Amino acid sequence: MRTDVLIDRLIGELKPIRRRTALRDAIVLVVLGAVELGLFLALGLMRPDMPMAMHLPSFWWKLASLGLIALVSGTVAIVSLDPVRSPRRGLRWTVALIVGCLAIGWILDASRDGYSVLLARLDWPNGVQCLSTMVVLSMPAFVGLGLLMRRGAPTDDGGTALAAGLAAAAWGAFVFVFACPFDDPFYVAVWFSLGCGTVTLFARFTLPRLTRW
């Protein structure tokens with residue numbers, strides 16, 4: 001087959017595709033998150049002492065911290081799907097936000113009695129269960145961000161994968177806040193960090209391989 005004929009045939013088979021936009025990607029993720037949170041609450045998984053928990057500063061610290069981390073890291077991930085945008089600066093801001101949230105948690109925790117019962121406060125059986133639940137709840141956002149990353153054209157796939165993992169992990173933990181009966185800042189800092197770290201590392205090492213273009 002002649003080269004010009006082959007080229008004409010390939011061109012003739014091309015179909016226009018819908019151009020991706022950051023706003024459309026953000027709307028997809030917001031809808032996905034809203035559906036997951038709605039189903040989670042509809043299944044009656046909310047903690048039974050929610051009215052009492054809403055009066056605790058540590059509850060609002062959990063909710064606000066995880067919501068902000070999910071929002072910032074998700075924005076970084078979506079923006080970095082553009083091949084001319086790097087996620088590195090956004091990741092630095094995300095790390096600074098995480099450190100700030102942990103510092104606020106430490107301030108809240110400083111008012112508690114001593115540190116001789118730290119291991120007891122971790123409540124290992126429940127902590128491990130919380131960790132595994134957070135990982136499961138992060139999967140819808142993980143898959144959604146992975147698909148968006150595959151459709152996009154990130155040039156720093158490692159940085160984008162980190163941002164996507166952080167966003168998915170923080171969102172899963174955010175949803176879990178509505179069921180988690182533990183408001184001890186020390187417990188939250190340890191187990192929520194482990195859960196989010198697990199998902200983030202998994203995303204960092206898997207998404208670049210699955211979405212390479």
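Apart from neighbours within four places in sequence, Leu102 contacts Ala189 and Ser193 (contact: heavy atoms within 4.5 Å). Leu102 belongs to helix H5, residues 88–109, where helices are DSSP runs of H or I of at least four residues and strands are runs of E of at least two, numbered from the N terminus. With a relative accessible area of 38%, Leu102 is partly exposed; buried denotes under 20%, exposed over 50% and partly exposed the range in between (1.4 Å probe, protein chains only). The C-alpha atoms of Leu102 and Lys62 lie 9.9 Å apart, at a separation of 40 residues along the chain.

The model is predicted: local features need pLDDT of at least 70 and side-chain atom pairs count only at pLDDT 80 or more, whereas totals for chains, interfaces and linings use all residues. Residues are numbered from 1 along each chain as its sequence is written, and side-chain values use heavy atoms, with hydrogens and water left out.

The chain contains nine helices and zero strands. Of its 213 residues, 42% are buried. Among contacts with a separation of 6 or more, 85% are between residues 24 or more positions apart. The accessible surface is about 12300 Å², and carbon and sulfur atoms contribute 72% of this area (Shrake-Rupley method, 1.4 Å probe).

In helix H2 (residues 22–42), Leu39 is exposed, at a relative accessible area of 53%. Together with Leu23, Ile27, Val31 and Val35, Leu39 makes a nonpolar surface patch of about 480 Å².

Notes
Patches are made of residues with over 30% relative accessible area and no salt bridge: like charges are joined within 9 Å, nonpolar side chains (Val, Leu, Ile, Met, Phe, Trp, Tyr) within 5 Å. A salt bridge is a side-chain nitrogen of Lys or Arg within 4 Å of a carboxyl oxygen of Asp or Glu.
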